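Subject: Structure handover and findings

Dear colleague,

Please find the structure below. My notes on it follow.

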Amino acid sequence: MQSMHPIYSYIKQSLSGLYPDTELSALAKWILEEVFHVSTVDLYTGKDMNFSMNDIRKLEDILSRLKRYEPLQYILGKTTFCGLPFHVTPDVLIPRPETEELVEWIVTDHAKNEGLCVLDIGTGSGCIPVTLSKRLHKAEVFSWDISDKALEVARRNARLNRTDVGFMRVDVLSGNWPEMKVDVLVSNPPYITGKERKDMERNVLDWEPELALFVPDDDPLVFYRRIGELGLSVLVRGGCLYYEINRMYGPETVRLLEGMGYGHVELRKDLSGNDRMIKAVRL
C-alpha cells in the first residue's frame, strides 16, 4: 500500500501521545479534508498538494490549539449531526453520536404521524429540535434553554438548515413554564455528577460548557424529575417523553418515571452497550 502523504504523518506526529492513535488518524483526515479540501482518496493516491504559507500558518494554529485539548469542532466552528451541518461554539455542547440514536428513535416512532407538536428541553446547539423539525412531517417544534448564548447558536442552526423552531429562554427547574400541549417531549439535560469529573477527558472538561454538563452529586436526577413533572402538565394523554440519560442511573431513572405515573417505560442501550435512552408514555 502506498504511504500516506507527509502532511498527514506530520499532523499525527505533532499530536502523538496526546490523543489515542485511532483518534489521531481521524483528526488528521478531518483537518486535511475540512481545511485543505484534501480527500482520503487524495491521501492514498498520493495526489500532489501544494500548501501556501497561509495554509501552513493555519495548520500550525490548529495544531497548537489541539495541543491544548481544544476540540476540533470548536476550532473549525462546525460539526455534523444526523447528516446535517451545525455551527458550534464553546457556549454549546458538541453533539454526540448517542444523541443521534435518541433522535432516530423518535423519528422511527413517529414517522407516520403528521403535524405533531414537539418540545425539546435544553436546546444547546439546537441539534435535536432542528433535526426533528427537518425529519418529522409538518411537526411544530419548540425548544427551551436557560442560556441566551446557546439560544443564539441554535437559532443560527435553524436558519442554516432552513427549519422553523420556536426557541424560548426558560429555566425548566424554576417551574415557571409557558402553558402548552405537546405530543412529544424530549430532553438531553445535564447529567454528569461531580464525582465523575476525574474520569473525564480534558477536551470536554476544559472546553465544554459546565452549565450543560453537570448536576449535583446529591441529586443526579434533578432534571429528569423536573422535566417529568413538566411532562405531566404539557404532554397529551398517550404523549411520549424521551430522555438521554447518564448510563449509571438507568434503572433509577426508570423507577423515578414509573413512580410519577408514566407507563410503558423503556430503557435502551446505545451502540456502545451503555444504558443511554428512556422512553415513557403519559397515561
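Where is the place of E70? E70 sits in the loop between helix 4 (53-67) and helix 5 (72-76); helices here are DSSP runs of H or I with at least four residues, strands are runs of E with at least two, and both are numbered from the N terminus.

Before the details, two remarks on provenance. This is a predicted model, in which local features need pLDDT of at least 70 and side-chain atom pairs count only at pLDDT 80 or more, while totals for chains, interfaces and linings use all residues. Residues are numbered from 1 along each chain as its sequence is written, and side-chain values use heavy atoms, with hydrogens and water left out.

E70 counts as buried because its relative accessibility is 6%; buried means under 20% relative accessible area, exposed over 50%, and partly exposed in between (1.4 Å probe, protein chains only). Its side chain makes a polar contact with the side chain of R65 at 2.9 Å. Such a contact is a pair of N or O atoms within 3.5 Å; within protein, one must be able to donate a hydrogen and the other to accept it, and residues adjacent in sequence count only if both atoms are side-chain atoms. Leaving aside residues up to four places away in sequence, E70 touches Y19, R65, I75 and W207, where contact means heavy atoms within 4.5 Å.

Y69 lies in the loop between helix 4 and helix 5. Y69 has a positive phi of about 65° although it is not a glycine, and at 16% relative accessibility Y69 counts as buried.

An open sheet of 7 strands has the order 5-4-3-6-9-11-10, with mixed pairing; two strands pair if DSSP finds at least two bridges between them. Strand 5 (165-169) and strand 10 (263-269) stand at the edges with a single partner strand each, so one side of each has no neighbour in the sheet.

Strand 6 (residues 182-187) has 5 of its 6 residues buried. Strand 6 runs parallel to strand 3 (residues 117-121), joined by 4 bridges, and L119 stands opposite L185 in strand 6. Strand 6 also pairs in the parallel sense with strand 9 (residues 235-244), over 5 bridges; there, C240 in strand 9 is the bridge partner of V184.

Within strand 10 lies H264. H264 has a positive phi of about 50° although it is not a glycine, and at 63% relative accessibility H264 counts as exposed.

With kind regards
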